[in-house]
Amino acid sequence: MRFARKRLTQRLKHRALAIGAAALVLPLAAGVAGSAVASAAPAHTAPSRTVQSGGYDELWVPSSMGNIKVQVQWAARGGNAALYLLDGLRARNDANAWSFETNAMDQYKNDNITLVMPVGGESSFYSDWYAPSNFNGQQITYKWETFLTQELPNFLANYGVSPTNNAVLGLSMGGSAALTLAAYHRDQFKFAGSLSGYLNISAPGMREAIRVAMLDAGRFNVDSMWGPPWSPSWLRNDPFVFAPRLQGLSMYISSASGLPGEYDQPRAPIDYYNTANGMGLEALALVNTRAFQIRMNSLGIPATYSFPSNGTHSWPYWSAELWKARGQILDTMNAW
């Protein structure tokens, strides 16, 4: 199928960081910077009908963070399965990038699975934070894990979406988070997918890279999220460390080589700059993902892996990987 080429814009700019002997860039995800939580709006308190069949809605879901906007494409035939699609580090506060940077909704519009696309969460790693970020004047404490595993599924249950028949997939920051959410909430998630995720957070240089990346993306302080580098929260959120918890979970794990591919055709100087950034980001994701694969193999835990020979850290490649994962997702969720 055809995927529209989209140029990376200056939204991907970030600082370079040296890791080991190789100069690798920071693990930022594509997307436009925006405030972390969607602005307040009247929340839907009751569904218009119990079971939704096809169509698209934008819901405002109550949470401890305030009302959170969630974009929803309902299962074509009223099925109760849901696929949560998680955004990247620079998640916007007006729309989830899966809804406009990819054709995800077209891919699944005829399938019996609801797409759930939460909006907001810039630099959050979709975690429950210790405190508001004290570098940027953040007013609330992120509680994204609580939202995605308690408040949102309970809300969607009013619309006929099962709280226990879910899949979760994300890119970059969202890829790491997808595995974390599934690992600690196995009663909710039957499938998890990571596209260009950072799955070996304890590797040398990674904690420093995440710290600087979050400062660059909204001036967020990582100490407010997982505490100082010696905090146990870092280990709790590292897929390499919690890998044994993934036994028996259906997984799709992908990262490309970082070499430019069919969707990388730079023309202007900014295009070349952004392509170079995307190359470095994907190379770092590949190192992390390969290390995670070795760890999983040592534990005898199977997963589906995809390592395209070409591809950078950009949306057209993630859209293509979502399509490649579609069959496994629908099989696991019994959602054809």
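1. Of the 336 residues of the protein chain, 59% count as buried, where buried means under 20% relative accessible area, exposed over 50% and partly exposed in between, with a 1.4 Å probe and protein chains only. This is a predicted model, in which local features need pLDDT of at least 70 and side-chain atom pairs count only at pLDDT 80 or more, while totals for chains, interfaces and linings use all residues. Residues are numbered from 1 along each chain as its sequence is written, and side-chain values use heavy atoms, with hydrogens and water left out.

2. The protein chain holds nine helices and ten strands; helices (H or I, at least four residues) and strands (E, at least two) are DSSP runs, numbered from the N terminus. Among the contacts in the protein chain with a separation of 6 or more, 76% come from residues 24 or more positions apart, a contact being heavy atoms within 4.5 Å.

3. The largest nonpolar core has 55 residues, and those with the most contacts inside it are Tyr84, Phe147, Leu148, Leu152, Val168, Met214 and Phe292; such a core is a set of buried Ala, Val, Leu, Ile, Met, Phe, Trp, Tyr and Cys residues joined through side-chain atoms within 4.5 Å. Helix α3 (residues 173-184) gives the most to this core, with seven residues. A second, separate core has 25 residues, including Trp98, Met105, Leu169 and Leu195. Leaving out residues up to four places away in sequence, Phe147 touches Val61, Pro62, Ser63, Met65, Ile68, Val70, Leu152 and Pro153.

4. Eleven of the twelve residues of α3 are buried, so this helix is largely enclosed by the rest of the structure; among the buried ones are Met173, Gly175, Leu179 and Ala183. The twelve residues of α3, at 1.5 Å a residue, should span 16 Å, and the end C-alpha atoms are 17 Å apart, which agrees; the expected span of a helix is 1.5 Å times one less than its number of residues. Gly300 follows α8 and has a positive phi, near 70°.

5. Where does Leu199 lie, and is this residue buried or exposed? Leu199 is found in the loop between β8 (189-195) and α4 (206-216), and is buried, with a relative accessible area of 0%. Its contacts, leaving aside neighbours within four places in sequence, are Gly175, Ser176, Leu179, Ser194, Asp238, Pro239, Phe240, Ile253, Asn288, Thr289 and Phe292. Leu199 and Asn237 are 38 residues apart in sequence and 9.2 Å apart in space, C-alpha to C-alpha.

6. Pro132, in the loop between β6 (113-118) and α2 (144-156), is partly exposed, with a relative accessible area of 28%. Beyond residues up to four places away in sequence, Pro132 touches Gln138, Gln139, Ile140, Thr141 and Ser224. Pro132 and Met225 are 93 residues apart in sequence and 8.1 Å apart in space, C-alpha to C-alpha.

7. Strand β3 (residues 56-61) and strand β4 (residues 68-73) pair in the antiparallel sense over six bridges, given that two strands pair if DSSP finds at least two bridges between them. Asp57 stands opposite Val72 in β4. The hairpin of β3 and β4 has six residues between the strands, and Gly66 in this hairpin takes a positive phi near 105°.

8. A search of the whole structure finds 15 aromatic pairs; rings of Phe, Tyr and Trp (its six-membered ring) pair if their centres lie within 6.5 Å, and planes under 30 degrees apart count as stacked, over 60 as edge-to-face and the rest as tilted. Tyr84 and Phe189 form an edge-to-face pair, 5.7 Å centre to centre with 85° between the planes. Tyr84 lies in strand β5 (residues 81-86) and Phe189 in strand β8, so the pair ties together parts that are 105 residues apart in sequence. Both Tyr84 and Phe189 are buried. Elsewhere, ring pairs link Trp74, Phe155 and Tyr159 into a cluster.

9. Helix α9 (residues 315-333) has a kink of about 45° centred on Ala325, the bend at a residue being the angle between axes fitted to the seven residues ending there and the seven starting there. Of the 19 residues of α9, 14 are buried, so this helix is largely enclosed by the rest of the structure. Trp315 and Trp318 are three residues apart in α9, which separates them by about one helical turn. Their ring centres are 5.1 Å apart and their planes at 90°, so the pair is edge-to-face. Trp315 and Trp318 are both buried. Just after α9, Asn334 takes a positive phi of about 50°.
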